[in-house]
Amino acid sequence: MIGRWVLLLVAVACAGIARADAPLEPEGYRTDAYRAPTPATLKGATVLSIAEAHALWESKGAVFIDVLAQAPRPKNLPKDVVWRDKARYDIPGSLWLPDTGYGELSAPMLGYFLDGLRNAAKGDASRTLVFYCQRDCWMSWNAAKRALASGFSKVDWYPDGADGWAQAGYPLEQRTPAPRPQ
């Protein structure tokens, strides 16, 4: 019994250290080095733990939005060469809006992002949206921040992403992205 308490205390201490080492929240969007430790906060949003994200998912109380980038078919690849997209496994029922978590979006990509959110929220800007991609990935942080700036009022950010979800033993399913602008 004492051994369990010691393990629990060590786990809590390590979690506190990890949070203390998190970078500060920047004023604007992150525009480089997207795969790096993320802040512990996002002003205006709720930051979800794995347990909180799972509870929302089970209750169907939110729309989950995956913003992980997807490599496009190279423009100079000969037409007769087969291109296979890398499979993406994410939280069941999610909407995948690839490439919408970059710090700067072109006008067509911003329109794609906002249209995707409006459709997912069924036109209700107060519907809860949960943004994620992978652990230590700024793209979901950027996307959640952009949703807040665009008038969505119930924005949650799940920083552990599909990695944390799978590590917790929760199901994943293969996803294809929402068609994006050319």
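**Group meeting: a walk through the predicted model**

Let me begin with strand 5, residues 129–132, where Leu 129 and Phe 131 point one way, Val 130 and Tyr 132 point the other way, and all are buried. By buried I mean under 20% relative accessible area, with exposed being over 50% and partly exposed in between, for a 1.4 Å probe and protein chains only. Helices (H or I, at least four residues) and strands (E, at least two) are DSSP runs, numbered from the N terminus.

A word on the source: this is a predicted model, in which local features need pLDDT of at least 70 and side-chain atom pairs count only at pLDDT 80 or more, while totals for chains, interfaces and linings use all residues. Residues are numbered from 1 along each chain as its sequence is written, and side-chain values use heavy atoms, with hydrogens and water left out.

In which order do the strands of the open sheet lie? The order of its five strands is 1-6-5-2-4, with parallel pairing. The edges are strand 1 (46–47) and strand 4, each of which pairs on one side only. Two strands are said to pair if DSSP finds at least two bridges between them.

Strand 5 pairs with strand 2, residues 63–66, in the parallel sense over four bridges. Within that pairing, Phe 64 stands opposite Val 130. Strand 5 is also joined by three bridges to strand 6, residues 155–157, and the two run parallel. There, Leu 129 has Val 155 as its bridge partner. Between these two strands the chain passes through helix 4 (residues 138–149), and this β-α-β crossover is right-handed; that is, with the strands pointing away from the viewer, the path from the first strand over the helix to the second runs clockwise. Strand 2 is joined to strand 4 by two bridges, again in parallel, and Asp 66 has Trp 96 in strand 4 as its bridge partner.

Next, the interior. In soluble globular proteins, nonpolar side chains tend to be buried together. A nonpolar core here is a set of buried Ala, Val, Leu, Ile, Met, Phe, Trp, Tyr and Cys residues joined through side-chain atoms within 4.5 Å. Which residues have the most contacts inside the largest core? They are Ile 65, Phe 113, Leu 117, Phe 131 and Phe 152, in a core of 32 residues. Strand 2, helix 3 (107–120), strand 5, helix 4 and strand 6 each give two or more residues to this core. Leu 117, leaving aside neighbours within four places in sequence, is in contact (heavy atoms within 4.5 Å) with Ile 65, Leu 97, Leu 129, Phe 131, Ala 147 and Phe 152. There is also a second, separate core of eleven residues, which includes Leu 48, Ala 53, Tyr 158 and Trp 165.

Ala 53 brings us to helix 2, residues 50–59, where Ala 53, His 54 and Leu 56 are buried. They lie on the same side of helix 2 because they cover an arc of only 160° around the axis, taken from the directions from the helix axis to the C-beta atoms. Ala 51 and Glu 58, on the other side, are exposed. The buried residues of helix 2 pack against strand 2, strand 5, strand 6 and helix 5 (161–167). Just after helix 2, Lys 60 takes a positive phi of about 55°.

Now to Val 67, in the loop between strand 2 and strand 3 (88–90). Is Val 67 buried or exposed? Its relative accessibility is 0%, so Val 67 counts as buried. Not counting residues up to four places away in sequence, Val 67 touches several residues, including Trp 96, Asp 99, Phe 131 and Ala 143.

I close with charged pairs. A search of the whole structure finds seven salt bridges, each being a side-chain nitrogen of Lys or Arg within 4 Å of a carboxyl oxygen of Asp or Glu. One of them joins Asp 99 and Arg 180, at 1.8 Å from N to O. This pair links distant parts of the chain, 81 residues apart: Asp 99 lies in the loop between strand 4 (95–96) and helix 3, and Arg 180 in the segment after strand 7 (173–175). Asp 99 is buried, with a relative accessible area of 12%. Another salt bridge joins Arg 175 and Glu 173, whose closest N and O atoms are 2.4 Å apart. Salt bridges that share partners join Asp 90, Glu 173 and Arg 175 into one network.
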